[in-house]
Amino acid sequence: TGNLGSSSNSRRRNDLRLILHLTVKNLASLCFHQEVLQILVAKKYLDRPMLEVFLHIPHQEVLAEFFTFMNQCSANQELFAQFASDEIVSMLIKHVHTSDRADILLQIARLLFQFVVVHRSLQVLKGEDGVEAVFAIAKKGSPVAQEVCIQAIYHLADDEVIKRIIIRKGILEFLCRLAQTGAASVQP
């Protein structure tokens with residue numbers, strides 16, 4: 001009877017994971033509607049504790065949908081401002097180093113690019129961790145993710161400290177190789 005109980009629990013966990021995955025996927029789809037974004041803001045459904053709960057979910061397929069959801073939500077300035085903290089960006093950076101899923105890397109690349117362009121004051125983006133995360137996606141991400149990261153590096157490189165990090169970490173050499181041998185979308 002022990003195997004029956006663990007089999008039942010395993011099936012229940014898989015069912016719950018699937019329900020969570022589909023729920024977040026549907027939320028991401030609904031965020032194309034301004035009314036949904038307004039409800040999320042008004043009801044404060046994406047406050048810091050809720051973001052942290054989702055960012056700690058161990059299931060990659062759920063995280064992929066949650067990052068898509070975050071990107072959809074970032075069309076709303078108030079929601080995007082809630083994401084724009086060193087703590088939240090640090091959690092995204094951790095996922096860059098622990099995931100090889102193309103969909104996760106692409107969605108995080110898009111979020112990091114937006115943070116680089118809109119919220120330049122985030123300290124985590126000005127340090128080695130932020131630059132290394134963008135570089136890691138450029139190295140292991142899809143051609144689309146690489147393109148987004150190249151744009152982020154371009155915007156980051158106007159800071160003298162970041163320029164030195166880019167040179168010291170070998171990012172410049174990598175970008176030159178990528179421009180010569182990478183996918184057509186990342187070649188000049």
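Predicted model: local features only at pLDDT ≥ 70, side-chain atom pairs only at ≥ 80, totals over all residues.
User: Is S99 buried or exposed?

Analyst: Residues are numbered from 1 along each chain as its sequence is written, and side-chain values use heavy atoms, leaving out hydrogens and water. S99 has a relative accessible area of 2%; with a 1.4 Å probe and protein chains only, under 20% counts as buried, over 50% as exposed and in between as partly exposed. So S99 is buried.

User: Where is S99 found?

Analyst: Helices here are DSSP runs of H or I with at least four residues, numbered from the N terminus. S99 is found in the loop between α6 (86–98) and α7.

User: Which residues is S99 in contact with, leaving aside neighbours within four places in sequence?

Analyst: Contact means heavy atoms within 4.5 Å. With those neighbours set aside, the partners of S99 are Q60, I104, L105 and K140.

User: Which residues touch the most other members of the largest nonpolar core?

Analyst: A nonpolar core joins buried Ala, Val, Leu, Ile, Met, Phe, Trp, Tyr and Cys residues through side-chain atoms within 4.5 Å. The largest one has 62 residues, and those touching the most other members are F67 and F115.

User: Which helix gives the most to this core?

Analyst: The helix in question spans residues 102–118 and supplies 9 residues. The top contributor to this core is helix α7.

How values were computed
Helix = DSSP H or I, 4+ residues; strand = E, 2+ residues; numbered from the N terminus.
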